[in-house]
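The following note comments on a single model, point by point. It is meant to be read alongside the sequence and the coordinates.

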Amino acid sequence: MSRSDFEVLMQCARRHAARSPRMFRLRVTLRALCGMGSLFALAVGAVLALAWSLSPVFAGAAANSAGSLVFHLLAMLSAGVVLVACAWVLYGPAQPPQGIVLSRSAAPRLFALLDRMGRRFGTPPIHEVRVSGELNAAITQRPDPVLRVRLRNTLVLGLPLALAVTPRQLVAVLAHEFGHLRRQRIALGGWGCHARARWHQVLGNMESVPAWLQLVFAPLANRASPTYCAESLVLSHLDEFEADAAAAKVVGATRLGQALSEIALKHRFLFEDYWRNVYAQADYAKRSNFLPYRHMALAFRADIGHAGLPGESDETPEDAAFDTHPSLRARMRALGLDVAAPVESCGSDNAARRFLGETLVWLTGLLDRQWRDAERQD
């Protein structure tokens, strides 16, 4: 599908979402259920074909010709392959989140904060915390590896994010993530969220099967995937606004707006200045000794105000069309704030120092080692 066709699907999805967000969410959920229902129907058809191919065994193979037996054998193999593929696509294991696993004893302050926020939002506990090298934070849910019926909540916290914000701003960011988790438990919304997440995984599993086997799923994927992806992008924007509203009720719209502005500022600094210089130095030196994550806090404390917050000219429709998050201006407008809200600088008291403590040195060293190994392979 071309980019212009996908943009047409996005415009249709935005119109439906603007008319009734609740009905639009139900529409996307039903589309996910119909997709999984089609796969179940394909699996049932494969079972029936397998039973038919085995009929000569029960009827007596002597009564059938050699050509008929060969035909039944080929049908049995084909039906078995399709059945196994459908089972793997529907029930294939989800990939675990990326990041370094952080134990409760290594960061007691962070886990205490998560426990308090879980009680405040009325959400299930966070079972696992992973630290990544991205400027991001997210709470993911996936089936428990032992008890498949129970969901396991994992907080993926980017170390650059913890280094970039103050402790109060990190609380606001986590409140936003717990707002997502809270919305997923309201009435039937939780079931719908799990159905959409499962269909996302199914679509990903369809793309990971061997090429010759993708022909089985190509009609369904080509028909359902583009429309569903376009509607999911629009729905993700609605989810972000709802999570912002839930977080603003707990921490206040001003604090949340300051955190969003600070993250946008630091994100622009990282990708337009910091990482560009880091990779330039690594390309120049035969053996780079620079430690990007260990020096990142000092870089954040430097004067980065010249980068500026994203303005109207920076938010191009081409970039925003495929972004899973609304623009900073749209989120601030929904909170009733100005995009140029004062930014609370973290200085030396960043959230990583407050909530990670002595583990921060170990985490930065491990991330620097991973970065250096990846750079050496390149």
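1. Helices here are DSSP runs of H or I with at least four residues, numbered from the N terminus. On that basis, Asp244 belongs to helix H9, which covers residues 211-251. The model is a predicted one, and the points below should be read accordingly.

2. Overall confidence and make-up. The protein chain has a mean pLDDT of 83, with 84% of its residues at 70 or more. The chain contains 15 helices and four strands. Of its 378 residues, 44% are buried. Among contacts between residues at least 6 apart in sequence, 79% join residues at least 24 apart.

3. Is Asp244 buried or exposed? Its relative accessibility is 1%, and since the cut-off for burial is under 20%, Asp244 counts as buried. Apart from neighbours within four places in sequence, Asp244 is in contact with His176, Leu256, Leu260, Arg331 and Leu335.

4. A second residue of H9 deserves a remark. Pro226 is also found in this helix, and with a relative accessible area of 17% it is buried. The C-alpha atoms of Pro226 and Asp5 are 9.3 Å apart in space, although the two residues are 221 apart in sequence.

5. Helix H7, residues 167-183, is mostly covered, with 14 of its 17 residues buried. From its first C-alpha to its last, H7 reaches 24 Å, close to the 24 Å expected at 1.5 Å a residue.

6. The buried residues of H15 are Thr359, Leu360, Leu363, Thr364, Gly365, Leu366, Leu367, Asp368, Trp371 and Glu375. As a general point, an α-helix has 3.6 residues a turn, so residues three or four places apart point the same way.

7. The second largest pocket holds about 250 Å³ of space. It is lined by 16 residues, of which Ser132, Gly133, Glu134, Tyr293 and Leu367 are the closest to its centre. Strand S2 (128-132), helix H10 (253-284) and helix H15 (359-377) are the elements that give two or more residues to this lining. By class, the lining consists of 10 nonpolar, five polar and one charged residues. Leu367, one of the residues closest to the pocket centre, is also among the buried residues of H15.

8. Two loop residues on either side of strand S1 may be taken together. Gln95 is found in the loop between helix H4 (66-91) and strand S1 (100-102), while Ser105 is in the loop between S1 and helix H5 (108-121). Gln95 is exposed, with a relative accessible area of 69%, and Ser105 likewise counts as exposed, at 67% relative accessibility.

9. For Ser105 and Thr359, the sequence separation is 254 residues and the C-alpha atoms are separated by 10.0 Å. Thr359 is itself among the buried residues of H15.

Methods. Residues are numbered from 1 along each chain as its sequence is written. This is a predicted model: local features need pLDDT of at least 70, side-chain atom pairs count only at pLDDT 80 or more; totals for chains, interfaces and linings use all residues. Side-chain values use heavy atoms; hydrogens and water are left out. On a 1 Å grid over the protein atoms alone, a cavity is a set of points where a 1.4 Å probe fits but cannot get out, and a pocket is an open set with protein on both sides within 12 Å along at least five of seven lines; lining residues have an atom within 4 Å of a point. Grid points are joined across faces, edges and corners, and a volume is the space filled by probe spheres set on the points. Ala, Val, Leu, Ile, Met, Phe, Trp, Tyr, Cys and Pro count as nonpolar, Asp, Glu, Lys and Arg as charged, and the others, Gly among them, as polar. Buried means under 20% relative accessible area, exposed over 50%, partly exposed in between (1.4 Å probe, protein chains only). pLDDT is the predictor's confidence in each residue, from 0 to 100. Contact means heavy atoms within 4.5 Å. The expected span of a helix is 1.5 Å times one less than its number of residues.
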